[in-house]
Amino acid sequence: MQALEGFGPKLIESIAEGIQQKKLAPKRYRLNVAEAVAKEVLDALESAKGIKAIEVAGSIRRRKETVKDIDIIVAASMDSDVMDVFVTLPDVKRIVMQGPTRSSVELSQGLHVDLRVVQPEAFGSALHHFTGSKAHNIALRKLAENRGLKINEYGIYKGVKRLGGKDEKDIYDVLKMDYIVPELREDRGEVDRAHRHALPDLITQKTIRGDLHVHTTWSDGKNTLEAMALAAKELGYEYLAVTDHTKHLTVAHGLDEKRLLEAIEAIDAFNAAGHGITVLKSAE
C-alpha cells in the first residue's frame with residue numbers, strides 16, 4: 001500500500017479498515033422515517049384475527065434519533081393468522097424467516113421488521129424485554145437476582161412462581177420502584193432514581209413555548225411566514241423567530257438590505273393583525 005504524505009502504512013491500513021467496517025455496518029434510518037413505516041405495518045396488521053394487543057418496541061419506542069430495524073410485539077390467541085398476514089404485506093421484499101412465534105421480513109425500502117407473538121399474560125414482559133435497551137435490561141436482571149427473582153421476556157418470577165408480566169408495569173412494581181418510561185431506559189442512573197422516586201419529567205410538546213430558528217419563502221424556506229406562524233400556533237407555541245438567510249451566506253435567495261427590510265415590515269404587519277402568536281425578527 002502506497003504511503004501518503006504525512007500518513008504511515010499502519011495509519012492508512014487502520015483508516016481503510018474503518019471505511020470497510022462503515023460499509024458493512026447496518027444502515028440506520030431517521031426516527032421519523034422508521035416510525036411512519038412502523039405505523040403502516042401496524043395499520044395493515046389490524047386485519048389479522050385474534051390480536052389482543054400490539055405495540056412497537058425497540059429503539060423506536062425509546063425514541064432514539066436513528067433506528068436500525070423495527071420490532072413489533074403482538075399478544076394474540078392461538079388461532080391468530082397474524083404471521084400469515086405479516087409475511088404477505090404488499091411492501092414485503094423478502095421473507096428472512098417465518099415461524100409460529102417469530103417472523104422477520106425485509107421491506108422494499110430496506111428496513112427489516114421483526115414480529116414476535118406472545119401469549120397475552122406475557123405481553124408486558126415481552127414488550128419490556130424487546131424495548132431495551134440491553135444495558136437497562138441487564139441492570140434490572142441483576143437487581144432482580146440480588147432479590148432472589150428472575151426476569152425474562154415471559155415474566156418476573158420467584159422460583160417457579162410467576163409474579164407478573166401481563167403489564168410492563170408489573171416488573172417495576174415487583175421490584176418496588178417507579179415505572180421508568182422507555183425514553184430513559186439506557187442504564188444511565190434511571191434505575192437508582194426510580195428507587196428514590198426521583199425520576200425526571202420528560203419534555204413534552206406542551207413544554208415547548210416556541211421555536212427560535214425557522215426559514216420562510218423569503219429566503220430558502222418552503223413555507224410562507226403566515227403558514228409557518230399559524231402552524232406554530234397550532235402546536236401551542238407563543239412565539240416564533242424567523243431567521244431567514246441573508247446575502248452574506250453562500251445560499252440561494254439570501255436577503256439583501258432591501259428585501260430584509262421588506263421581510264421585517266411583513267412580520268410587523270402580521271403581528272399587528274393579532275393572530276395570537278408573536279413572530280420575532282432575526283436573520284442568519
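Me: How much space lies in the largest cavity?
Reply: This is a predicted model, in which local features need pLDDT of at least 70, side-chain atom pairs count only at pLDDT 80 or more, and totals for chains, interfaces and linings use all residues. Residues are numbered from 1 along each chain as its sequence is written, and side-chain values use heavy atoms, with hydrogens and water left out. On a 1 Å grid over the protein atoms alone, a cavity is a set of points where a 1.4 Å probe fits but cannot get out, and a pocket is an open set with protein on both sides within 12 Å along at least five of seven lines. With points joined across faces, edges and corners, and volume taken as the space filled by probe spheres set on them, the largest cavity holds about 60 Å³.

Me: Which element supplies the largest share of the lining of the largest cavity?
Reply: Lining residues have an atom within 4 Å of a point, and here they are His128, His129, Asn137, Leu140, Arg141, Ile151, Asn152 and Glu153. Helices (H or I, at least four residues) and strands (E, at least two) are DSSP runs numbered from the N terminus. Helix H5 (123–131), helix H6 (134–146) and strand E8 (150–152) each supply at least two residues of this lining. The largest share, three residues, comes from H6.

Me: What is the volume of the second largest pocket?
Reply: The second largest pocket is lined by 15 residues, of which Gly58, Arg62, Asp71, Phe130 and Thr131 lie nearest its centre. Its lining divides into one nonpolar, seven polar and seven charged residues, where Ala, Val, Leu, Ile, Met, Phe, Trp, Tyr, Cys and Pro count as nonpolar, Asp, Glu, Lys and Arg as charged, and the others, Gly among them, as polar. The volume of the second largest pocket is about 260 Å³.

Me: How much space lies in the largest pocket?
Reply: Of the 20 residues lining the largest pocket, Pro100, Thr101, Val117, Val118 and Gln119 lie nearest its centre. The lining comprises 11 nonpolar, four polar and five charged residues. The space in the largest pocket is about 380 Å³.

Me: Why is strand E4 largely enclosed by the rest of the structure?
Reply: Ile70, Ile72, Val74 and Ala76 point one way from E4, and Asp71, Ile73 and Ala75 the other way. Buried means under 20% relative accessible area, with a 1.4 Å probe and protein chains only. E4 (residues 70–76) is largely enclosed because the number of its seven residues that are buried is seven.

Me: Which residue of E7 is the bridge partner of Val74?
Reply: Two strands pair if DSSP finds at least two bridges between them. E4 pairs with strand E2 (residues 51–56) in the antiparallel sense over five bridges, whereas six bridges join E4 to strand E7 (residues 112–118) in parallel. In E7, the partner of Val74 is Val117.

Terms used: Buried < 20%, exposed > 50% of the residue type's maximum accessible area, 1.4 Å probe, protein only.
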